[in-house]
Amino acid sequence: MVATSNSTVDAPSVPHPSGAAILAAIKAAGVREVVAVPDIVTSDGLLWPISHDPDFRLTRLCKEDEGVSICAAMSFNGTRAVLMMQQTGLMDSLNAIRAIGMDYEMPVVMLVGLQGKEPHLPPEQSSVYGVRIVQPVLRAMEISHSLIEAPGDEAHIPEAVDRAYALSRPHIFLVGRAPEAS
Amino acid sequence: MTIPRDQALTALAPHVRDEDIVVAVYQTNFDWMALNSRPLNYVAVGAMGQASSHGLGLALANPDRRVFVFDGDGSLLMNLGSLVTIAGSGVTNLHHLLFANRTYEVNGAHPLPAADKVDFEGFARAAGYRESRSFSDLETFRAALPGFIDTPGPQMTVLEIVPGAPYPRDYAYIHGAEARQRFRDAFKAPR
């Protein structure tokens, strides 16, 4: 069963990030390979535009943990990649991230949509259990992560990607509000 | 009829060029390391059937190299969707060789679910691999190898095998930083 929020009634309106700005930041980080399982949070603003953008090569996956291995393997010759999924897929991929990203110390950069999160709330205040636990789980696993919620949050993407590859460690961008397509 | 695993690997060895990448799992990996230690042996696959996905990443990022995945049947069953992902990716440089012993060998040799029924050759064909074939006889496999080893992929070759010589299981090496660094350094070597 997918838990959904029931606390968005009368929620304040908040600005959403620009999908185009996020994609520009990903390109600025030197990423041209995207591997993905569709996620409704990032579908219209990121994944569909990526699928039409000749600057990117998109590899569609059947299951998210495949992408952890694909991105790690690509990195051996310096190829940078981003793995896209929903937080349900992140939870399902934790052992792959543990083994390949953390134990093997490999750079795996992920963009994870937080499906069901109330746009005006931080993830840990969400009424949705599957959203609320994401950051505590990542902290327990010592996995670097950051939020993309508001316009301008994408500015840190190139530096975070650079750091992931320089340190050879995973980094996860948590997308808490659906990016606008423009 | 079945093929001793080390004899299958010995038959394969002359067909693997220096610049090729080999991704191998579990006992097949240990046997291959003993029989053909080489810098572009990729051993850092973790667990849970991820070898085929590592192979795909390497094939996508290195289109000028052939990538051989020496997979296990139990491993592939844990990542069966990767067959579809590989077929859909468009890679032509990936050769998937499945060493099918119908058991989880290193975890106590327990049988696979439906061990006597699973059709791995059929799985790959149905997923969209360019070609798929099976062998259970060493001499037939050896004779057929030159006919498909250089053809465009993705190619599936299922080998019905039994254990061969008992090569040691060096888990510390395959999970260690030294093996990954050796592989990484191999990319920097002039070709």
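## A tour of the two chains

Start by selecting residues 51-61 of chain B, helix α3: 11 of its 11 residues are buried, so the helix is largely enclosed by the rest of the structure. Buried here means that 20 or more other C-beta atoms lie within 10 Å of a residue's own; exposed means 12 or fewer, partly exposed is in between, and C-beta atoms are placed from the backbone. Helices (H or I, at least four residues) and strands (E, at least two) are DSSP runs, numbered from the N terminus. If you label α3(B), the buried residues include B:His54, B:Leu56, B:Leu58 and B:Leu60, with B:Ser52, B:Ser53, B:Gly55 and B:Gly57 also among them.

Before moving on, keep in mind that this is a predicted model: local features need pLDDT of at least 70, side-chain atom pairs count only at pLDDT 80 or more, and totals for chains, interfaces and linings use all residues. Residues are numbered from 1 along each chain as its sequence is written, while chains are lettered from A and ligands numbered from 1 in the order in which they are written.

**Zoom out: chain B, then chain A**

Show chain B as a cartoon and you have nine helices and nine strands. Its C-alpha atoms fill a box of roughly 45 × 35 × 30 Å along the principal axes. A compact globule of 191 residues would have a radius of gyration near 16 Å, and the 15 Å of chain B agrees with that. The radius is taken over C-alpha atoms, and the globule rule is 2.2 Å times the number of residues to the power 0.38. Colour by burial and 47% of the 191 residues come up as buried.

Now switch to chain A, with eight helices and six strands. Walking from the N terminus, you pass α-β-α-β-α-β-α-α-β-α-α-β-α-β. The radius of gyration of chain A is 15 Å, close to the 16 Å from the globule rule for 182 residues, so chain A is as compact as a globular protein of that length. The C-alpha trace spans about 50 × 35 × 30 Å along its principal axes. Of the contacts in chain A with a separation of 6 or more, 81% are between residues 24 or more positions apart; a contact means C-beta atoms, placed from the backbone, within 7 Å.

**The sheet in chain A**

Select the six strands of chain A. They form an open sheet in the order β2-β1-β3-β4-β6-β5, with parallel pairing. Strands count as paired if DSSP finds at least two bridges between them. At the edges stand β2 and β5 (144-148), each with a single partner strand, so one side of each is left without a neighbour in the sheet. Neighbouring strands are turned by 20° against each other on average, direction ignored; the axes are lines fitted to C-alpha atoms, and angles run from 0 to 180 degrees between N-to-C directions, with helix axes fitted over the stretch in contact.

Click A:Val34 and look for its bridge partner A:Leu58 in β2(A).

Then go to β6 (171-175), where five of five residues are buried. On its β4 (109-113) flank, five bridges join the two parallel strands, and A:Val112 stands opposite A:Leu174. β5(A) also pairs with β6(A) over five bridges, with A:His145 opposite A:Ile172.

**A stop on the outside**

Pick A:Pro54, in the loop between α2 (43-52) and β2 of chain A. Buried or exposed? A:Pro54 is exposed, with 5 other C-beta atoms within 10 Å. Its C-alpha atom is 9.4 Å from that of A:Arg32, 22 residues away along the chain.

**Where the chains meet**

Show both chains: 21 residues of chain A are in contact with 24 of chain B. On the chain A side, the elements giving two or more residues are β2 (57-60), α3 (64-74) and α5 (94-103). α3(A) gives the most, with eight residues. That side divides into 12 nonpolar, five polar and four charged residues; Ala, Val, Leu, Ile, Met, Phe, Trp, Tyr, Cys and Pro count as nonpolar, Asp, Glu, Lys and Arg as charged, and the others, Gly among them, as polar.

**Last stop: the core**

The largest nonpolar core has 101 residues, and A:Leu83, B:Val23 and B:Leu159 have the most contacts inside it. Such a core is a set of buried Ala, Val, Leu, Ile, Met, Phe, Trp, Tyr and Cys residues joined through C-beta atoms within 7 Å. Centre on A:Leu83: leaving aside neighbours within four places in sequence, its contacts include A:Val35, A:Val68, A:Cys71 and A:Val109.

Methods
Two residues are in contact if their C-beta atoms, placed from the backbone, lie within 7 Å.
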